[in-house]
Protein chains: 4
Amino acid sequence: MASVAPGSKGKVLLAYSGGLDTSCILVWLKEQGYEVLAYLANVGQEEDFEAAREKALKIGASKVFIEDLRRELVEELVYPSIQANAIYENVYLLGTSLARPVIARKQVEIAQQEGCSHVAHGCTGKGNDQVRFELAYHALAPSIQVIAPWRIPEFYQRFPGRQHLLDYAEKMGIPVSQTRAKPWSTDENLFHISYEAGILEDPNVTPPKDMWKLTVDPEDAPNTPERITISFKAGNPVRVTNDVDGTDITDPLDLFIYLNTVARRNGIGRIDIVENRFIGIKSRGCYETPGGTILRIAHIDLEGLVLDREIRAYRDEHVTPVFGRILYNGMYFSPEGQLINNIIPLTQKTVNGSVRLKLYKGTTTVEGRWSETESLYDMDESSMDVQGGFEPLDSQGFIRIQSIRLKKWGSTFNQQQQQQ
Amino acid sequence: MASVAPGSKGKVLLAYSGGLDTSCILVWLKEQGYEVLAYLANVGQEEDFEAAREKALKIGASKVFIEDLRRELVEELVYPSIQANAIYENVYLLGTSLARPVIARKQVEIAQQEGCSHVAHGCTGKGNDQVRFELAYHALAPSIQVIAPWRIPEFYQRFPGRQHLLDYAEKMGIPVSQTRAKPWSTDENLFHISYEAGILEDPNVTPPKDMWKLTVDPEDAPNTPERITISFKAGNPVRVTNDVDGTDITDPLDLFIYLNTVARRNGIGRIDIVENRFIGIKSRGCYETPGGTILRIAHIDLEGLVLDREIRAYRDEHVTPVFGRILYNGMYFSPEGQLINNIIPLTQKTVNGSVRLKLYKGTTTVEGRWSETESLYDMDESSMDVQGGFEPLDSQGFIRIQSIRLKKWGSTFNQQQQQQ
Amino acid sequence: MASVAPGSKGKVLLAYSGGLDTSCILVWLKEQGYEVLAYLANVGQEEDFEAAREKALKIGASKVFIEDLRRELVEELVYPSIQANAIYENVYLLGTSLARPVIARKQVEIAQQEGCSHVAHGCTGKGNDQVRFELAYHALAPSIQVIAPWRIPEFYQRFPGRQHLLDYAEKMGIPVSQTRAKPWSTDENLFHISYEAGILEDPNVTPPKDMWKLTVDPEDAPNTPERITISFKAGNPVRVTNDVDGTDITDPLDLFIYLNTVARRNGIGRIDIVENRFIGIKSRGCYETPGGTILRIAHIDLEGLVLDREIRAYRDEHVTPVFGRILYNGMYFSPEGQLINNIIPLTQKTVNGSVRLKLYKGTTTVEGRWSETESLYDMDESSMDVQGGFEPLDSQGFIRIQSIRLKKWGSTFNQQQQQQ
Amino acid sequence: MASVAPGSKGKVLLAYSGGLDTSCILVWLKEQGYEVLAYLANVGQEEDFEAAREKALKIGASKVFIEDLRRELVEELVYPSIQANAIYENVYLLGTSLARPVIARKQVEIAQQEGCSHVAHGCTGKGNDQVRFELAYHALAPSIQVIAPWRIPEFYQRFPGRQHLLDYAEKMGIPVSQTRAKPWSTDENLFHISYEAGILEDPNVTPPKDMWKLTVDPEDAPNTPERITISFKAGNPVRVTNDVDGTDITDPLDLFIYLNTVARRNGIGRIDIVENRFIGIKSRGCYETPGGTILRIAHIDLEGLVLDREIRAYRDEHVTPVFGRILYNGMYFSPEGQLINNIIPLTQKTVNGSVRLKLYKGTTTVEGRWSETESLYDMDESSMDVQGGFEPLDSQGFIRIQSIRLKKWGSTFNQQQQQQ
């Protein structure tokens, strides 16, 4: 345990973004008597990390930690979620949820190494993220103390609106960027960006064209399709090729960044939904998940070719929805999170092969797929023209056995119908 | 029971398409000593029904029944499948499966009314459709006899290839259309068309551009988006409007036909997959489901706004996959089919509202949604800017209670990690 | 809204048991400035209700409501839970959970009728019951205020132990029964009694013989078995007969009371478990559910005879565990509670018939079952000695079709095994 | 591939029991021109194996293989089924199903080693066992040929009843035991015995007292309870002790045999059900599973103490029913069988501890349980008397957050109620 300055309430490691809110929180925590260390995770968001470092030091952070977590985000969270075809409420690809575990884990790690008794974050008291961060903190460091200023009355009553934060910033010498606040809030990482709140709170307001940041509008995307091929091994993407521009990438992180690039320029990955927060409130969110959208389509397609029917059905019914809920609700570091993480690869052993895709104005179309190692698909057996694999008479027996139960039911059911 | 001609094996009602296969079957059944009645269901496929009627009579059908089942297909099968967000293996919207129950039910009904002891169909012995038809026959008329020539050795050995059917047709005076057979087979109804077999049996062959029949190629679709609004009541579409062309439709069948029209011209609803047949074989299928694709997107979106989280989760995990499998496997007329059909509407009571959609080159984008009657979405409660609905402190208690279990696990888990 | 006395904080309807805790709470609430009305639900527990009424009035309740809820407990909660074979964590028959909805519903009803702005209960802050009561209050009367003294610091800090309550009772003139407190706490209703806390908190302590109250020790039960027959209609018990003593009961409440009587004297229905509370804590509980245990066994048995396989599987996998969790977690009055309640009867239409049972020293043995109306069980078809219902060759086709997928897997799997 | 005698149709390895049916089949197969090798698995059934060997050789088997598979049955099938709490239709512990995989696997192994082109069995064409054996054969040896005489018309038409087999035996010199056939058929292994067919086909016939073979009638069991302690490691039983008789067993096979011994003498493990066969027919079966019944109760109890709530719920809802169906339907050797087998141990890591049990006249009562290594149960936290682990106020927040959704629903629901 590192030493604590006399008179201090102890050290707190603040998840710092460089923005107005967490800058005010940093200064306010110091006012409360804490020594504040700032922590900024690079999960692929667009950000001037060095400027953020300087700002944190300028306004009083005793130390600043900037950590590149992009590779572990992609390898440990994004790819398993692709393997699981993870999704929340049929539509949301869980972009924000996927980044939280890697951010919180590193924060706890630094806090322990620096002897911080507390961790802090700038999430609101109505959202999912407070839950995701804090459940991760509690699971990974059961004795750590959490400070969530937006749930502390003396904080949120002091800063009821943005103007109060601006006044505080001016008074305390916190630099404020000159750009006007956008009428929505965002959260960005390598996998996605989210837009919510502000004008989006009316679910019937169409998001303005200039809101979307990662992808071009499908209407503005190229008039000529692009074509790529993605290869998978055990359900993980291991290679992307594009014959036109000579792309051939195998590094997991680079591969994902490339998929983002082609998806963005072809307008792929926008969604707009009303979802149910863990906290029980409905909220509207818009998301862009460019590379992830392509990857999901390719993975699902390949599974058709190489995955056994019952393994697929098991995964679809007993793994996909459970994993989606675990991620969304912030239960990644939990007994059930660990269990599902161990189950996913058991379902992916045969997911080996390649998928050819066409990308065009917001659409991702599968144009073909093959596998060099798997043989569950059998052209002769499948063929309607070839007698092969089994006798037609077998189908008759199959059908008749299936019908035993139905005939019994039918006799009764038909009688009931007639009586009505 | 109607009388049977002396010397006859009895009457058989054949599901007749007007094509080469079922025409040969019709004649062959007569050869075997049956009186053959022909039955042709209009489920919305492109077909010259009167020509088919004449052909059937010409080649020896004692009676011909042509039945317009489009409305019951849409109202009894398509709309419940939209309510359930029914899907098979993440991708297939079950278009062929949905038509089978209405076709088989009417066939059984006519067979009983005409005193037929047998029903017959022209499905192959390797596919799903034989199962779907026959399980329906057995459930609805447990004592009816089924003739499936493609599973009878003396039939399929006599006609091992298309040329043998052509020879037989020539010999027996069966008119054959001059159009060359396409190198794939199709099945069409109001909801969709399927393409399979032939050149498609190689899953890495890209379907030729001229295969797709219902929809334009997204690349050839208009450069200007179209916008429509769909309104739902209890999960069923009840109105479609298009302000530009003045469309305003409320009749269930007309509404669906209109959705098909706009979807087709905007290139919406193509898929290409490898799927797992009930029979245990993998097969490749291409499908177009124009209106159904739009409707599904709109319905899922509206549910976000108006459906309770737990009802949605229950339906997604306990109804959607079960209903998909029931339909795909031909178990619609079964105890479980009846049960699920009764459960679906229980989940849709609050699915009332409207969705605004943009259709553009293969994409369907939600641009907004609202409900005049439902109030689960609450702008104030949802707002990040407004304190409303509950105290921030409540979230703290919620998180802490959730973390009790995780802290216990974390203590143990962290010890294990350190020991490793 | 009824009038409130001047100077009063308003009226509160307290769920009152007549015991030390809720008597102190009643007096304390008056001290806080509330007008207190007492409410005591008769859900079948052993209790001197008139004494409790007098005591409540004596210590200051402005009104007392004693409500016989036994019939609605049995008809609305117990029987549906039997239909659903409801159970929690494989063992617990949910006895306490089942009574909470009827108690809370009536409390809210009286509170509204009497113009109470508040309801109060005496549950601790660590258990399930606070959750069950309050979620029911919130669902049924979203604007009602809840007072839970055991979660209010000024209350629980003032009464940190039983002696402090006794001192307060003496000081405030609250009559205290002379019987010494038992070293465990109980909750009783017509369906069951629970024992927990105190000496039971060590999960390796065997409950003392004199703890069990409802049932005789199996070792002390009669040496001669008793035999009864239970008849069900649509999954509900509609008749119990006992040929020896001439019993023949059809009234739902009387029937259940009789089942309790015979079960109790034969030592049936004791369990002892460690369970997981909703709140995330493990706790140990002992329970007696005499009649419910018999009824559950009979109902499950009858379903074997008369329920379709797939309906049963659906109910077992998609209804039973969901309903168990809903009840245990206090979510009975919720969208999902309402949904499941509507699904249960859909699964029970054919559960008509009778079961003969032997009761003996803690065991319930099925000795036979029959149905006069249902015909899914077919002796000829079932017979190993009779060729009936289908051709043996059909089984062969059935097996061969099932094996297509397995053969493919086997080929690959066996190769892998050999390579290892 | 071993050589085949000239003129022979090849070698067939027959699953041989020594009884009338498989003896006649052996001779009949020779008549058909096969060389017949006999295979008899010792899975713990009561049998004179040497007499069976001699009989097989006497009637013409070219080789006889008698294999002791008891250890693999217990270690590979029984214990995983205990870990999974495997059960079929709420009641049946899957005794017959558990033995089939080990029997079939060894049969295939010997067939391959001896160069047999065929395997044969004596199962009927209406039961589950034909499916279980053959699916295992097909999965493990996709190219092996199966002979199932009871599905071959020339066999079953020649032997329509038992007397025809007896006549054939007399004619062919097959020794027949003098004991009269019982009016039911049985299947026995170390885990259980089944009784079905014959007089049991009437589901309302109470099984005669002398049918039950493994266990004493509870009424005849000792009047004094026995007490044992079972210890588990990772969900597997690793030790059984009985302080009275000094028992202390750790060998997995011996341990199970001992549990059988004490269960049998205390009348534990009888059931009588109507179940749904895979083939779609309902059938009535009586079973004795003495040791397995005790083990299941102990395992379930221990899980309460040491297994995380969500792991338990996942296993109960997503593993137990799936594994039960896989076993029952004979899909053990399948992709999904392999998957579930790999999932089960992931759920059992913390199932370490001991359970004290009382055995008495058919009942198994848990009297206490403890764990030396696991700490999820926390007496202080659980205690109602101790403030520990969390603030009562946290529960309030937890409840309030849960109620947000319910209040919304309640407002609407209550309005609807009033309108009705």
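Chain A has an average pLDDT of 93, and 95% of its residues score at least 70; pLDDT is the predictor's confidence in each residue, from 0 to 100. The model as a whole scores ipTM 0.95 and pTM 0.96. The structure is a predicted model, in which local features need pLDDT of at least 70 and side-chain atom pairs count only at pLDDT 80 or more, while totals for chains, interfaces and linings use all residues. Residues are numbered from 1 along each chain as its sequence is written, chains are lettered from A and ligands numbered from 1 in the order in which they are written, and side-chain values use heavy atoms, with hydrogens and water left out.

**Arrangement of the chains**

Chain D is superposed on chain B by a rotation of 180° with 0.0 Å of shift along its axis, at an RMSD of 0.0 Å. That is the relation of a two-fold axis. The superposition is by least squares on the C-alpha atoms of residues with pLDDT of at least 70 in both copies. Of the interface residues of chain D, 100% are also interface residues in chain B, so the copies meet through the same surface.

**The interface of chains C and D**

In chain C, 108 residues are in contact with 108 residues of chain D, contact meaning heavy atoms within 4.5 Å. About 9300 Å² is buried between chain C and chain D, and carbon and sulfur atoms give 55% of this area. Buried area is the accessible area (1.4 Å probe) that two parts lose on being put together, summed over both. Between chain C and chain D there are 37 residue pairs in polar contact, both residues at pLDDT 80 or more. A polar contact is a pair of N or O atoms within 3.5 Å; within protein, one must be able to donate a hydrogen and the other to accept it, and residues adjacent in sequence count only if both atoms are side-chain atoms. Eight salt bridges are also counted between chain C and chain D. Helix H13 (residues 392-419) of chain C gives the largest share of the side that touches chain D, namely 16 residues.

**Salt bridges**

Over all chains, the structure holds 131 salt bridges, each a side-chain nitrogen of Lys or Arg within 4 Å of a carboxyl oxygen of Asp or Glu. Examples are listed below.

| A:Glu317 | B:Arg325 | 2.6 Å |

A:Glu317 forms a salt bridge with B:Arg325. A:Glu317 lies in helix H10 (residues 309-318) of chain A and B:Arg325 in helix H10 (residues 309-328) of chain B, so the pair joins two chains. Helices (H or I, at least four residues) and strands (E, at least two) are DSSP runs, numbered from the N terminus. A:Glu317 is buried at 15% relative accessible area, whereas B:Arg325 is partly exposed at 33%. Buried means under 20% relative accessible area, exposed over 50%, and partly exposed in between (1.4 Å probe, protein chains only).

D:Glu367 is buried, at 9%, and D:Arg227 is partly exposed, at 41%.
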